[in-house]
Every structure is written in structure tokens, then in C-alpha cells.
Amino acid sequence: MSSHGTPIPMSSTPCGPLTGTAEVPGDKSISHRSLILGALSVGETVVTGLLEGDDVLDTAKAMRSFGAEVTRDEGGTWRIHGVGVGGFAEPDHVIDCGNSGTGVRLIMGAMASTPITATFTGDASLNGRPMARITDPIALFGAQSYGRRGGRLPMTIVGAASPRPVRYTTPMASAQVKSAVLLAGLNAPGETVVIEAEATRDHTERMLRGFGAEVRTEQTDEGHVITLTGQPELKPQTIVVPRDPSSAAFPVCAALIVPGSDVLVPNIGLNPTRAGLFTTLIEMGADLTFENMREEGGEPVADLRARFSPDMQGISVDPARAASMIDEYPILSVVAANATGTTEMRGVKELRVKESDRIDAMATGLRANGVAVTEGEDWWCVEGCGAGGVPGGAMAGSRLDHRIAMSFMVLGMAAQKAVSVDDGGPITTSFPIFEPLMAGLGADLRRDPV
Ligand code: S3P
């Protein structure tokens with residue numbers, strides 16, 4: 001169910017080879033940041049390739065509520081007339097961020113150092129997710145927050161009238177937390193510093209530099225240290241959003257497990273802070289190649305080619321790689337179920353607080369479909385059934401989580417019997433063309449009667 005809709009039960013029936021080209025949509029992380037940074041600049045930012053999924057559309061609406069003019073022309077080009085750093089207006093209604101943790105957390109950061117009040121809410125998934133990870137650091141700037149018990153949404157934030165710059169060590173590996181602090185730092189005088197033990201996705205730093213802010217990144221004994229000079233005038237940009245490696249993961253992994261498949265997924269951003277899944281798949285023995293390697297807009301880009309790989313082996317995934325593939329563990333567990341041997345995934349407790357508890361959601365649905373899974377608080381292991389060995393035949397709960405719904409649809413493509421999900425509606429949050437795209441490659445996805 002999307003934040004506004006009724007459940008859409010779906011099933012995926014074992015299918016023949018997947019072949020052809022998969023043109024996946026724009027990157028979700030970069031799309032949110034394009035809208036938010038565009039709204040904080042003075043003048044017109046022009047964005048093409050924006051992901052038009054529910055999450056990003058909710059962020060576009062939110063930026064309008066804070067006073068930016070955001071329009072889309074018929075050709076799909078988005079224009080954002082920003083209000084400048086510190087220029088956000090006070091919204092006159094509640095900001096509904098739907099399913100999007102990235103949207104709400106980045107926007108809370110972006111408004112925290114401006115003297116306005118805003119109230120945020122979301123769907124049942126988002127309203128269950130922890131927000132103290134944002135309200136703790138923005139309190140250091142001088143912002144106040146009033147939420148439900150446990151720091152949950154709905155929540156009202158009162159931005160700081162005289163923001164102070166902050167030096168903050170993130171308590172967990174989270175690009176959302178890092179980004180919220182940097183965005184709050186934009187309207188504070190002096191230097192705001194974020195220190196992270198492990199580098200997380202660095203789109204905010206790269207894009208802030210592109211918009212004209214001064215951002216330094218260094219590796220020191222303390223960790224990965226990012227320093228932002230406050231109160232810049234952000235200059236509007238022309239942005240071509242690269243395609244999302246996290247969405248590419250679904251056709252790539254489907255091709256690896258469906259017999260006879262050969263799929264090309266062109267123009268995928270391979271920023272090293274995002275590409276951990278592809279390294280992991282190659283370690284497992286996947287026939288995955290990077291063609292036409294090049295650089296676009298300062299980011300490495302390649303065309304991915306994935307072919308059926310019947311001899312993949314389970315591995316212990318390097319926990320140091322977790323941040324660079326944090327959204328890809330659900331679909332990796334589907335590949336692991338089709339490999340031989342055990343795949344161990346450790347150092348992944350953040351998976352428990354995503355759109356759903358992703359370890360529990362995948363473990364429960366995989367077990368129902370005949371795959372053995374063991375788990376602890378911050379780890380899980382999947383026992384591979386070998387190529388074509390997953391029994392399937394059962395329904396999994398998607399728990400308002402797009403990546404869980406898509407992962408089980410891919411499981412069904414290579415299982416012995418169809419796999420279904422109670423609700424495929426959440427898929428539109430990040431991958432609105434998932435069904436026609438996968439059907440175009442040869443998948444057999446159906447919407448089932450409610
Ligand atoms: C994102 C960061 C990650 C990721 C999310 C997008 C971002 O969340 O799971 O889908 O765009 O910054 P965390 O920062 O909570 O790890």
C-alpha cells in the first residue's frame with residue numbers, strides 16, 4: 001500500500017530467461033538532494049532524470065510548503081526556484097513525507113537552523129521509525145523538537161533562532177544523519193563538522209560542493225571528517241540525475257538467478273559508497289561485467305551486464321562493506337537463497353530500523369518459501385538451496401517496504417512455485433516502473449484479486 005492507497009497483492013511465477021535492456025529510474029538519494037538543495041539556492045535549478053517515485057514527489061511537495069517554487073514540464077524536466085539558505089518560509093500545514101525516511105530526516109535538518117516551526121508526519125512505517133538520531137544533533141544547533149514517545153513522528157520542530165555551528169560524531173553509520181547535520185550547518189555561522197567511523201554515501205558532500213559550498217573531507221585518526229563552512233550562497237545548478245544502483249540491483253540479481261538470462265542495465269552510477277553489492281556478487285561467482293566504464297558529472301558510471309550464474313557460492317560478506325550496500329541486503333538474500341552454501345551478513349543492525357525490520361521481513365518470507373535463515377540482532381545467515389532449488393509457493397508480507405516487495409517478486413522468478421506478496425503497492429516509492437520493466441525482460445508478474 002502506498003501512503004495513500006489500498007493493498008495491491010501481487011505474485012511472481014517462475015519464468016523463462018530474462019533478456020534485453022533494463023532502463024532503471026533516477027537515483028533516489030540524489031533526487032531528494034536535488035530538490036532540497038535547489039530549494040536552498042537563489043535562482044533556478046533545473047533537474048532531468050529525477051526519480052518520480054512517491055518518496056521524491058513527497059519531498060517536492062514539502063519544498064513547495066517551505067516556499068520554493070517547484071514545477072515539472074511535460075518533458076519531465078523539473079525546475080526549482082529556491083529561497084536561499086535561511087530563506088525557508090513557515091509551512092501552513094503538516095508536512096507529510098509518506099514512506100520516506102530520507103525525505104523527512106533531510107528536511108528536518110534543512111529547516112532546523114531557521115526560526116520557523118514545522119510539523120512532520122508519514123505513513124505507518126515512517127511513523128514507527130526512530131527520529132532521535134536527527135533530533136539529538138539538531139538540538140545542538142538550538143532546535144527544539146516535540147514528538148511522540150520514543151522520538152517518533154508526528155513531530156514538531158522549532159528551528160533555532162540563533163543557530164550555533166556543531167561538531168558531531170554520528171553514533172551509527174547513516175548518510176541521513178550526516179546529511180541532516182550538514183544541511184542544518186548551512187545556516188549556522190562558522191564551521192560545522194561531522195565525524196563518521198565509516199564513510200557512508202557521500203552525495204550530500206559532492207552536491208553541496210557542486211552548489212558552491214565549501215566542504216572538506218579528510219580521513220583522520222578520529223575517522224572520516226567532513227567540514228562545512230556555514231552561510232554560503234548556494235548557486236543554482238543544472239543536474240542530470242544518474243540511474244539508481246539500488247534499483248539496478250533488482251534486474252541484475254534477477255538475471256543472475258533465472259536460467260538462460262542475459263540483461264544489460266545501462267548508465268548505472270558506481271559511486272564507491274554505493275556499489276558494495278556488485279563487489280559482493282562478483283565474490284559469490286556472479287557473471288556480472290561492467291561495460292563502457294566512464295565518468296559523468298564527477299561520478300563513475302558503467303553499463304552492467306548480468307548473465308545467469310548457476311554456480312554462485314555463499315560467502316561471508318565483509319561487514320566493512322555494509323554502508324555501501326545497506327539497501328541491497330534484502331535482494332542479496334534472494335541471490336544467497338539461489339547459491340550453494342551459507343551467506344553470512346554481519347554488522348547490519350541498521351537493517352532493523354529501515355522502512356521495515358528488513359532482517360525479520362526477509363527471514364520470515366524466505367522461511368515460508370522453504371529457505372533456512374538464522375538471525376541475531378545485527379546478523380543473519382541464509383542457507384543456499386542451489387540454483388533453481390528454492391521451493392517457493394508461499395506469500396510474504398511486504399510490511400510497507402518497497403525493497404521487501406521487489407525482493408520477493410524476484411525470488412518467485414527463479415523458484416519452483418510462484419511467490420506472492422500481500423501488497424506490492426510500496427514499490428512505487430522508489431521504482432514506479434518495476435512491473436512493466438521486469439515484464440519487458442520476460443518476468444511473469446501479476447496483480448492478484450484482493
Ligand atoms: C539514504 C541513506 C540510507 C539508505 C536510504 C537512503 C540517503 O539510510 O538506507 O535508503 O539517501 O541518505 P541511512 O542513512 O539511515 O543508512
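## Ligand shell and aromatic pairs

Helix α1 contributes the most to the shell around the ligand, giving three residues. The structure discussed here is a predicted model.

### The ligand site

The residues that surround the ligand are Lys 28, Ser 29, Arg 33, Thr 102, Ala 173, Ser 174, Ala 175, Gln 176, Arg 201, Ile 326, Asp 327 and Lys 354. Sorted by class, this shell comprises five charged, four polar and three nonpolar residues. Domain 1 (10-26 + 242-447) and domain 2 (28-239) both supply residues to the shell, so the ligand lies between them.

| Residue | Protein atom | Distance to a ligand oxygen atom |
|---|---|---|
| Ala 175 | backbone N or O atom | 2.9 Å |
| Gln 176 | polar backbone atom | 2.8 Å |
| Lys 354 | side-chain N or O atom | 2.7 Å |

The ligand taken alone exposes 390 Å², and the protein buries 96% of that area. Two elements, α1 (28-39) and α5 (175-185), each give two or more residues to the shell.

### Aromatic pairs

How many aromatic pairs does the structure hold? There are four. In one of them, the ring centres of Phe 250 and Phe 434 lie 6.3 Å apart with the planes at 85°, and the pair is therefore edge-to-face. This pair connects distant parts of the chain, since Phe 250 belongs to helix α7 (residues 245-257) and Phe 434 to helix α12 (residues 434-441), 184 residues apart. Both Phe 250 and Phe 434 are buried.

Phe 434 also pairs with Phe 431: their ring centres are 5.4 Å apart and their planes stand at 70°, which makes this pair edge-to-face as well. Are Phe 431 and Phe 434 buried or exposed? Phe 431 has a relative accessible area of 0% and is buried. Phe 434 likewise counts as buried because its relative accessibility is 0%, and buried means under 20%.

Elsewhere in the chain, ring pairs join Phe 66, Phe 88 and Phe 120 into a cluster.

### Summary

Among the aromatic pairs, Phe 434 takes part in an edge-to-face pair with Phe 250 and in another with Phe 431.

Key:
Residues are numbered from 1 along each chain as its sequence is written. This is a predicted model: local features need pLDDT of at least 70, side-chain atom pairs count only at pLDDT 80 or more; totals for chains, interfaces and linings use all residues. Side-chain values use heavy atoms; hydrogens and water are left out. A residue is near a molecule or strand if one of its heavy atoms lies within 4 Å of it. A polar contact is a pair of N or O atoms within 3.5 Å; within protein, one must be able to donate a hydrogen and the other to accept it, and residues adjacent in sequence count only if both atoms are side-chain atoms. Accessible areas come from the Shrake-Rupley method with a 1.4 Å probe; for residues, only the protein chains shown count as cover. Helices (H or I, at least four residues) and strands (E, at least two) are DSSP runs, numbered from the N terminus. Ala, Val, Leu, Ile, Met, Phe, Trp, Tyr, Cys and Pro count as nonpolar, Asp, Glu, Lys and Arg as charged, and the others, Gly among them, as polar. Domain bounds come from an automatic or database domain assignment. Rings of Phe, Tyr and Trp (its six-membered ring) pair if their centres lie within 6.5 Å; planes under 30 degrees apart count as stacked, over 60 as edge-to-face and the rest as tilted. Buried means under 20% relative accessible area, exposed over 50%, partly exposed in between (1.4 Å probe, protein chains only).
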